[in-house]
Amino acid sequence: MAKAIQYSELGGPEVLALNEVPVPVPAPGEVAVRVEAAGVNPIDAKQRSGLRPTPPITEPRGTGIDGAGHVTAVGSDVDGFRIGDPVVFTGIVGSYATDVVVPAHKVFVRPAGVSAAVGAALGVPFGTAYQTVRSLGIRGGDTLLIHGASGSVGQAAIQFAALAGARVLGTTSDRRADRVIALGGEPLAYGDGLVERVRQAAPDGVTAILDCAGTDEAIEASLELLEDRSRIATIVRGPDAASFGIRAFSGGSPTPLSAQQQAWRLEAIPVALALIATGRFHVELGERYPLERAGDAQQAASEGADGKLLVLP
Ligand SMILES: NC(=O)c1ccc[n+]([C@@H]2O[C@H](COP(=O)([O-])OP(=O)(O)OC[C@H]3O[C@@H](n4cnc5c(N)ncnc54)[C@H](OP(=O)(O)O)[C@@H]3O)[C@@H](O)[C@H]2O)c1
């Protein structure tokens with residue numbers, strides 16, 4: 001038998017149960033993975049609690065989108081994977097488990113030197129960061145402001161934007177400013193006086209803004225700092241982004257991601273893996289939790305934690 005964290009009703013961390021389930025068998029087009037680490041994303045708790053809508057629960061539902069481990073079985077028509085391959089995967093429902101099956105196009109071979117822990121940290125944050133940087137058309141000559149730059153998505157976005165040649169300003173707590181600097185960004189404190197600090201740092205103005213914080217301050221400052229609303233995007237304020245005339249990439253937006261945006265989110269993973277394997281990209285890992293403490297991990301992620309939290313089956 002395999003083990004999986006599941007829930008049968010929406011609610012707090014207490015609705016999560018550690019269940020024994022049959023070891024999943026890959027259908028055609030799928031790969032089975034023994035999970036060594038699962039990444040904990042803020043969306044996991046938002047979906048579990050009902051803060052972000054999901055289809056009605058008709059049977060026990062897994063939680064967790066990202067993970068890494070090694071291949072244990074390969075579906076009949078799948079090429080490119082062998083049993084034992086170290087892999088990263090994303091985009092599933094239920095990565096907090098010992099064993100999962102994943103559509104093959106969401107599985108990527110993990111290069112030597114990239115641990116399962118680092119691999120499990122990539123899917124949602126790096127996919128989101130890469131897609132937003134591509135969707136905003138970030139390039140050399142841009143000055144990008146990232147709200148929430150010290151978080152998992154923010155850190156990935158700093159690196160993708162810097163790689164594209166942009167100058168990157170990032171809001172952060174003082175405590176976390178070093179992280180922003182280490183990745184090539186310029187830290188600015190969030191809080192009172194933010195607009196003035198940005199104007200002082202970039203007297204010619206910022207040319208694009210990515211909101212990974214979702215605060216009223218981030219939205220209001222963005223509207224004051226940049227006239228071109230098509231170059232302001234939020235990944236948190238999806239429900240009311242349109243009322244400000246800015247772009248939203250899901251985060252509760254009524255507009256789903258386009259096929260291109262979804263493709264970019266997957267394309268990000270092999271791009272990031274290659275850059276990490278060659279030491280050019282960095283991933284900050286945080287606390288690790290055993291499977292039975294998945295609820296604590298989700299709670300900690302919702303309250304804001306340093307580095308990517310992991311559940312280790
Ligand atoms: N739309 C999507 O597809 C999508 C995808 C991924 C994530 N998200 C959402 O994006 C958000 C960030 O995700 P994450 O994984 O990066 O979370 P995270 O790692 O927990 O980072 C949260 C960040 O918010 C910052 N922050 C806290 N209070 C702030 C404030 N008052 N002003 C500005 N920044 C503040 C924190 O900075 P300090 O620690 O320095 O205070 C930290 O950098 C979450 O709401 C998540 O659900 C959306």
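Q: How many salt bridges does the count come to by the side-chain rule?
A: Happy to start here: this is a predicted model, in which local features need pLDDT of at least 70, side-chain atom pairs count only at pLDDT 80 or more, and totals for chains, interfaces and linings use all residues. Residues are numbered from 1 along each chain as its sequence is written, and side-chain values use heavy atoms, with hydrogens and water left out. A salt bridge is a side-chain nitrogen of Lys or Arg within 4 Å of a carboxyl oxygen of Asp or Glu. By this rule the count is 11.

Q: Which residue meets Asp142 in a salt bridge?
A: Asp142 sits in the loop between α3 and β9 (143–147), and its partner lies 89 residues apart from it, in the loop between α7 (216–225) and β13 (232–234). Helices (H or I, at least four residues) and strands (E, at least two) are DSSP runs, numbered from the N terminus. The N to O distance is 2.6 Å, and the partner is Arg231.

Q: How many salt bridges are counted between domain 1 and domain 2?
A: An automatic or database assignment sets the domain bounds, giving domain 1 (2–122 + 283–312) and domain 2 (129–248). Between the two domains, the count is four.

Q: Which three residues supply 72% of the area that domain 1 buries against domain 2?
A: Buried area is the accessible area (1.4 Å probe) that two parts lose on being put together, summed over both. Between the domains this is about 510 Å², with carbon and sulfur atoms giving 25%. More than any other three residues, the suppliers on the domain 1 side are Arg52, Glu284 and Asp306.
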